[in-house]
Amino acid sequence: SLTIGIVGLPNVGKSTMFNALTRNNVLAENYPFATIEPNTGIVPLPDDRLPILAKLVHTEKIVPATVTFVDIAGIVKGASEGEGLGNKFLANIREADAICEVVRAFEDDDIVHVNGKVDPADDIDTINTELILADLQTIENALPKLEKDLRGRKIEPAYMDAVKEAKTILETGETIDKAAREGRFDKESVYDLHLMSAKPFIYVFNVDDSELQNKELQAKLAASVAPAPAIFLNAQFEADLTELDEDDAREMLADAGLEESGLDQLARVGYDTLGLSTFLTAGEKEVRAWQIHKGYTAPQAAGVIHTDFEKGFIKADIVSYDDFVAAEGSMAKIKEEGKLRQEGRDYVMQDGDIVEFKFNV
Ligand code: GDP
């Protein structure tokens, strides 16, 4: 499954946040939730639709989609040269599908900052520079063979151009993700180099709890990483939230003027960043959110439930979530109003489709 690697300088609140993430099941008591390995946390994707559906179809069982986070050991200056845990660190990042960069924006004289001062822009620069240097090394290593392949016409000149363009971007100190998000570079063109800075970035700013409502500060920090998404949370506040039961957690959020916890935001943004989307099944047995890639067709989605469903796919009976709720879950009413769609092999799944697949066994 797809994973999001959590990176950041030491002492920025990564462990505090990660530990809270792996305990973040207070709002989802009967959600299956697990920690496979000590550094891997599988967290439920918050989805308000599921309890509403469960009520309509009279089931207690809800199975949410999940997002997987991997806590990657702290990075330091020089990691790209194997400094500290450098090599292991880079290997772990290579395996992740997206990068969640935790940045310290909280002040606390008791907690030492590795660079001596709290400076979010400087911290981001330190980390991204290591990833960029490692990517430049990857390209340098690949170039001699690519030059040879180009002469031997084993690769297209356009491919070589793309590699050189990636190199130029990295040399200006920019991540490939940024250039791609700004529409200046097609990162798929160099997909096979597996550049680390080409992975989608999410920035998490660990701010003082007194700054959770400081829109001015947040806008400034968000602008510094745009167009990548930015999330603002206080790691300690999030950790405290996970200690509470659902009602108390909601109250604590409301007192802080927040509608949603930072971790829930992170799960949602992470899910979206990974390019994932959800279709739903709703029956007496359970209500379930199934995770698919955006753009999956109906047979591909069926294959997520069972490979036989994909092989024997006939059609999909689909009603949108909104139509299902409007009809209070009555299939008779849904059919009567012509809201049940029969979709074939080429149908591209939409987020929130409630589906029943018809298939041959
Ligand atoms: P890591 O090295 O990035 O994993 O950082 P930790 O999660 O271990 O946090 C380092 C120290 O900072 C610990 O003493 C935490 O209790 C503290 N800390 C983490 N988040 C916050 C925060 O939001 N505010 C304050 N004041 N301290 C924090």
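Visitor: Is Val163 buried or exposed, and why?
Guide: Buried, because Val163 has 21 C-beta neighbours inside 10 Å, and 20 or more are enough to count. Bear in mind that this is a predicted model.

Visitor: Which element is Val163 in?
Guide: Helix H5, residues 157–171.

Visitor: And what does Val163 touch?
Guide: Leaving out residues up to four places away in sequence, Val163 touches Ile139, Leu146 and Val190.

Visitor: How far apart are Val163 and Asp209?
Guide: In sequence, 46 residues. In space, 44 Å from C-alpha to C-alpha.

Visitor: New topic. How do H1 and H8 pack?
Guide: H1 covers residues 14–22 and H8 covers 235–242. Their axes lie 9 Å apart, at an angle of about 25°. Angles under 35 degrees count as roughly parallel, so H1 is roughly parallel to H8. The crossing is left-handed.

Visitor: Which residues make that contact?
Guide: From H1, Thr16, Met17, Asn19 and Ala20. From H8, Ala235, Gln236, Glu238, Ala239 and Thr242.

Visitor: How do they divide into nonpolar, polar and charged?
Guide: The contact of H1 with H8 has four nonpolar residues, four polar and one charged.

Visitor: Which residues of H8 are buried?
Guide: Ala235, Phe237, Glu238, Ala239 and Leu241.

Visitor: What covers them?
Guide: The cover over the buried residues of H8 includes H1, strands E6 (201–206) and E7 (230–233), and helices H9 (246–255) and H10 (262–273).

Visitor: Last one. Which domains is the protein divided into?
Guide: Domain 1 takes 1–46 + 65–275, and domain 2 takes 295–359. Their centres, taken over C-alpha atoms, are 34 Å apart.

Notes:
Residues numbered from 1 in each chain as written. Predicted model: local features only at pLDDT ≥ 70, side-chain atom pairs only at ≥ 80, totals over all residues. Axes fitted to C-alpha atoms, helices over the stretch in contact; angles between N-to-C directions. Helix = DSSP H or I, 4+ residues; strand = E, 2+ residues; numbered from the N terminus. Parallel < 35°, antiparallel > 145°, perpendicular 65-115°, else oblique. Left-handed = near helix turned anticlockwise from the far one by under 90°. Contact = placed C-beta atoms within 7 Å. Nonpolar A, V, L, I, M, F, W, Y, C, P; charged D, E, K, R; others polar. Buried ≥ 20, exposed ≤ 12 C-beta atoms within 10 Å, placed from the backbone. Domains from an automatic or database assignment.
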